[in-house]
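Have a look at the sequence and the fold before reading on.

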Amino acid sequence: MAGGQERILRRRIRSVQSTKKITRAMELIAASRIQRAQQRVAAARPYAELLTQAIQNLASAGGGA
């Protein structure tokens, strides 16, 4: 193989490896953000359930105008 071709292939390999590392880092960041969002949803659930219950109690008590 000619020296020029070999250099091009090595550069291409480095480029693909770099892209692979960047993609992996982005996947880890996305997974972390999803996990935090799921934790926030789980933490807010008791408040949402109490709020829903309070609204249902008001509706069943004839809170209409």
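What follows covers the ground rules, the overall shape, the surface and the salt bridges.

## Ground rules

This is a predicted model, so to speak: local features need pLDDT of at least 70, side-chain atom pairs count only at pLDDT 80 or more, and totals for chains, interfaces and linings use all residues. Residues are numbered from 1 along each chain as its sequence is written, and side-chain values use heavy atoms, with hydrogens and water left out.

## Overall shape

The chain has 1 helix and 0 strands (DSSP runs numbered from the N terminus: H or I of at least four residues for helices, E of at least two for strands). Its radius of gyration is 27 Å, well over the 11 Å from the globule rule for 65 residues, so the chain is more spread out than a compact globule. That radius is taken over C-alpha atoms, and the rule is 2.2 Å times the number of residues to the power 0.38. Along its principal axes, the C-alpha trace spans about 85 × 20 × 10 Å.

## Surface

Buried residues make up 0% of the 65 in the chain (buried is under 20% relative accessible area, exposed over 50%, partly exposed in between, with a 1.4 Å probe and protein chains only).

## Salt bridges

There are 2 salt bridges (a side-chain nitrogen of Lys or Arg within 4 Å of a carboxyl oxygen of Asp or Glu). R10 pairs with E6, closest N and O atoms 2.6 Å apart; both lie in helix 1 (residues 3–60), 4 residues apart, about one turn. E6 is partly exposed at 34% relative accessibility.

R24 pairs with E27 at 3.8 Å between the closest N and O atoms, and these two sit 3 residues apart in helix 1. R24 is partly exposed at 49%, and E27 is partly exposed at 44%.
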